[in-house]
Amino acid sequence: MAKQNNRRRTTTSRRPKKKPSVFRKKLIQTAIIVFCGLLFLGIAYHYRNGLAYYFSFKTNKVLDKEAKDKQISDVRNYQVLEKNEAKAIGIDVSEYQGEIEWDAVETMDDDYKLSFVFIRATVGNDRLDKRFKENWLQAKENNIIRGAYHYYRPNENSLEQAELFIKTVRLQKGDLPPVLDIERLPENQSIERLKIGLRRWLTKVEEHYKVKPIIYTGERYYDDFLKEEFSDYLFWIANYNFYREKMKEDWLFWQFTEKATVSGIKGNVDVNIFNGDLQQLQFITKE
């Protein structure tokens, strides 16, 4: 008879995983709530003046997303203007603003005096802004320092674009330098060819008006494509980021919002800050 081989089975005992205690869970939740609360209070304190201004003077009800966005924008606009006291404030307009009551264009939000306006004159090599002539004359008649800008199309001949602007805009004493507005990247040419075209436009316009043009663009476009090679020009930069409240030293103008309310104009308007006071602004105008 064969011997039975009895082996003891070894059983491995596993310790149950410790579950986090109820106290620990509540502690973490409380910490998160406290952190979020402090963050909210910090933001509210930082924008306290803008919020106070808004809730003191703005009584219209918020009805939709667009109105909510405008509400937030109003708070930031006040904060930016407060941080840039004494600097000259102005707007830029085109046919998209429709008919403007120029004799009423005096302030932003009935509180901040406007000193200058940039007016779109031409687009590409073949299009005039439908309201340029009227806006150009009315700004002068209402004693607002004016400037004209050209919207550059990267895929069209740069010299033809310059010629159209020159034929359209007659600068007078007291006008701001001409502006080249470049926002788009080319579709059928390289960045290097684009830069050559921009340089040709700038050179031709400078030769005609005897004053160096200003370049308008977005901050990222400026940093990526223009900052180094066009450092001999002054820039007007667009940046609407909520966190930015002051302009950089190398910006001549800063377009800080596209959602402002201006007397005499229906709908939203772009507002700009000049990196200096009114007297310094007058210094860069045409003699």
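**View 1. Asp126 and its salt bridge with Arg153 in the predicted model****.** Asp126 has a relative accessible area of 57% and is exposed, because a residue counts as exposed when this value is over 50%. The side chain of Asp126 meets that of Arg153 in a salt bridge, with a distance of 3.2 Å from N to O. The two residues are 27 residues apart, and their pairing links distant parts of the chain. Asp126 sits in the loop between β4 (116-123) and β5 (127-128), whereas Arg153 sits in the loop between β6 (145-151) and α5 (158-168). Side chains of opposite charge can pair when their charged atoms come close.

**View 2. The salt bridge between Glu134 and Arg131****.** The closest N and O atoms of this pair are 3.0 Å apart. Glu134 is partly exposed, with a relative accessibility of 33%. Arg131 is also partly exposed, at 25%. The structure as a whole holds 14 salt bridges.

**View 3. The salt bridge between Glu206 and Lys212****.** Here the closest N and O atoms lie 3.6 Å apart. Glu206 has a relative accessible area of 27% and is partly exposed. Lys212, at 33% relative accessibility, counts as partly exposed too.

**View 4. A negative surface patch****.** The patch is formed by Glu99, Glu101, Asp103 and Glu106. One of these residues, Asp103, is found in the loop between β1 (89-93) and β2 (107-108). Asp103 is exposed, and its relative accessible area is 58%.

**View 5. Tyr149 and the residues it touches****.** Tyr149 lies in strand β6. With a relative accessibility of 9%, Tyr149 counts as buried, because the limit for a buried residue is under 20%. Leaving aside residues up to four places away in sequence, Tyr149 touches Val93, Ser94, Phe118, Ile119, Arg120, Ala121, Thr122, Phe165, Val179 and Asp181. Val179 is 30 residues from Tyr149 in sequence, yet the C-alpha atoms of the two residues are 4.4 Å apart in space.

Conventions
Residues are numbered from 1 along each chain as its sequence is written. This is a predicted model: local features need pLDDT of at least 70, side-chain atom pairs count only at pLDDT 80 or more; totals for chains, interfaces and linings use all residues. Side-chain values use heavy atoms; hydrogens and water are left out. Patches are made of residues with over 30% relative accessible area and no salt bridge: like charges are joined within 9 Å, nonpolar side chains (Val, Leu, Ile, Met, Phe, Trp, Tyr) within 5 Å. Accessible areas come from the Shrake-Rupley method with a 1.4 Å probe; for residues, only the protein chains shown count as cover. A salt bridge is a side-chain nitrogen of Lys or Arg within 4 Å of a carboxyl oxygen of Asp or Glu. Lys and Arg count as positive and Asp and Glu as negative; His and the chain ends are not counted. The place of a charge is taken as NZ of Lys, CZ of Arg, CG of Asp or CD of Glu. Helices (H or I, at least four residues) and strands (E, at least two) are DSSP runs, numbered from the N terminus. Buried means under 20% relative accessible area, exposed over 50%, partly exposed in between (1.4 Å probe, protein chains only). Contact means heavy atoms within 4.5 Å.
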